[in-house]
Amino acid sequence: MLRWPLTGQAAVSRGFERPATQFGAGHRGIDLPAPPGTPIRAAADGIVSYAGPVAGREVVAVSHGAVRTTYEPLLPTVRVGDLVQAGDQIGLLAPGHPGCPGTACLHWGLLRGTQYLDPLASFRRVRPRLLPVSGR
């Protein structure tokens, strides 16, 4: 189960769009608008597997066993190999993200291996189903 990477509530300015093929067009995460300098928090316990530049933006990746989360653009406050717990600060949101409607947006991704997943799926509630009691 993931935790929200921002403190408080946040609107999603752009949702997840699964690419049709591994290298096809899509949006491999969700965008969360917030002011520059907003603390970004680890979504689950894990180990920092990457903290550095990718395509001109600073990125942090945290491995959580079978899945990993990615966060960009931010000013990392962690280093590769650091152990983090859910809710620990891993960086500060940096300004700019292509397509962001404001000054800054966190692009938050979730992967299992090389397959991109929708981070919001961890927060969607399912309707409870009552099953009959057997043996009575």
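Which residues have the most contacts inside the largest nonpolar core? I looked this up in a predicted model, where local features need pLDDT of at least 70, side-chain atom pairs count only at pLDDT 80 or more, and totals for chains, interfaces and linings use all residues. Residues are numbered from 1 along each chain as its sequence is written, and side-chain values use heavy atoms, with hydrogens and water left out.

**Core.** I found 27 residues in the largest nonpolar core, with Val60, Tyr71, Ile90, Leu106 and Trp108 making the most contacts inside it. I took a nonpolar core as a set of buried Ala, Val, Leu, Ile, Met, Phe, Trp, Tyr and Cys residues joined through side-chain atoms within 4.5 Å. Buried means under 20% relative accessible area, exposed over 50%, and partly exposed in between (1.4 Å probe, protein chains only). Two or more core residues come from each of β1 (30–33), β4 (57–64), β5 (67–72), β8 (89–93) and β9 (105–112). Strand β9 gives the largest share, three residues. Strands here are DSSP runs (E, at least two residues), numbered from the N terminus.

**Valine 60.** I listed its contacts (heavy atoms within 4.5 Å). Leaving out residues up to four places away in sequence, valine 60 touches Val48, Tyr50, Ala51, Thr69, Thr70, Tyr71, Leu74, Pro76, Val78 and Ile90.

**Threonine 69.** I placed this residue in strand β5. Threonine 69 is buried, at a relative accessible area of 0%. Its side chain makes a polar contact of 2.7 Å with the side chain of histidine 64. A polar contact is a pair of N or O atoms within 3.5 Å; within protein, one must be able to donate a hydrogen and the other to accept it, and residues adjacent in sequence count only if both atoms are side-chain atoms.

**Aromatic pair.** I found one in the structure. Tryptophan 4 and tryptophan 108 are edge-to-face, 5.9 Å centre to centre with 80° between the planes. The criterion is ring centres of Phe, Tyr and Trp (its six-membered ring) within 6.5 Å, with planes under 30 degrees apart stacked, over 60 edge-to-face and the rest tilted. The partners are 104 residues apart, tryptophan 4 in the segment before β1 and tryptophan 108 in strand β9. Tryptophan 108 is buried, with a relative accessible area of 0%.

**Sheet.** I traced an open, antiparallel sheet of three strands in the order β2-β8-β6. Its edge strands are β2 (39–41) and β6 (74–76). Strands pair if DSSP finds at least two bridges between them; β6 and β8 are joined by three. I noted leucine 93 in β8 as the bridge partner of leucine 74.

Technical notes. Helices (H or I, at least four residues) and strands (E, at least two) are DSSP runs, numbered from the N terminus.
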